[in-house]
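Student: I have a new model open and would like to go through it with you, one question at a time. Shall we look at it together?

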Amino acid sequence: MKNNYKSLLKDYEVASKHYQATGEAKLLGIAINSLLDFESKVAQLWSYSELFEVQKEIMNEGLQVI
């Protein structure tokens, strides 16, 4: 789960940079929707506290969690 989440966060980072450079929001919208979908499913299957723990681990590794 953690690796999938990290991958989605990296996709978001790339999409965000693309948006800032070009003003095109399509990739950013897809990345945000993918993150929201993933986080909702994790919260439903496990719990919000487990999601928060994974977020803390990822932030400690230097990735920003939105």
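Student: In which element does asparagine 4 lie?
Tutor: Happy to start there, with a word on the source: this is a predicted model, where local features need pLDDT of at least 70, side-chain atom pairs count only at pLDDT 80 or more, and totals for chains, interfaces and linings use all residues. Residues are numbered from 1 along each chain as its sequence is written, and side-chain values use heavy atoms, with hydrogens and water left out. Helices (H or I, at least four residues) and strands (E, at least two) are DSSP runs numbered from the N terminus. On that basis, the element that holds asparagine 4 is helix 1.

Student: Why does asparagine 4 count as partly exposed, rather than buried or exposed?
Tutor: Buried means under 20% relative accessible area, exposed means over 50%, and partly exposed is in between (1.4 Å probe, protein chains only). Asparagine 4 counts as partly exposed because its relative accessible area is 49%.

Student: How far apart are the C-alpha atoms of asparagine 4 and phenylalanine 38?
Tutor: Asparagine 4 is one of the contacts of phenylalanine 38, where contact means heavy atoms within 4.5 Å. Leaving aside neighbours within four places in sequence, phenylalanine 38 also touches Met1, Tyr5 and Leu8. Along the chain, asparagine 4 and phenylalanine 38 are 34 residues apart, and their C-alpha atoms are separated by 8.9 Å.

Student: What is the order of elements from the N terminus on?
Tutor: The protein has three helices and zero strands. From the N terminus on, the order is therefore α-α-α.

Student: At what angle do the axes of helix 1 and helix 3 cross?
Tutor: Two packed helices are described by the angle between their axes and the distance between the axes. Axes are lines fitted to C-alpha atoms, for helices over the stretch in contact, and angles run from 0 to 180 degrees between N-to-C directions. Helix 1 (residues 2-22) and helix 3 (residues 48-60) have axes that come within 11 Å, and they cross at roughly 65°.

Student: Which residues of helix 3 meet helix 1, and which classes are present in this contact?
Tutor: From helix 1, the partners are Lys2, Tyr5, Lys6 and Leu9, and they meet Leu51, Val54, Gln55, Glu57 and Ile58 in helix 3. For the classes, Ala, Val, Leu, Ile, Met, Phe, Trp, Tyr, Cys and Pro count as nonpolar, Asp, Glu, Lys and Arg as charged, and the others, Gly among them, as polar. The contact of helix 1 with helix 3 has five nonpolar, one polar and three charged residues.

Student: Is valine 65 buried or exposed?
Tutor: Valine 65 lies in the segment after helix 3. Leaving aside its neighbours within four places in sequence, valine 65 is in contact with Tyr5, Leu9, Gln55, Ile58 and Met59. Its relative accessibility is 16%, so valine 65 counts as buried.

Student: And what about asparagine 3, buried or exposed?
Tutor: Asparagine 3 has its place in helix 1. Its C-alpha atom is separated by 9.4 Å from that of isoleucine 58, 55 residues apart along the chain. With a relative accessibility of 59%, asparagine 3 counts as exposed.
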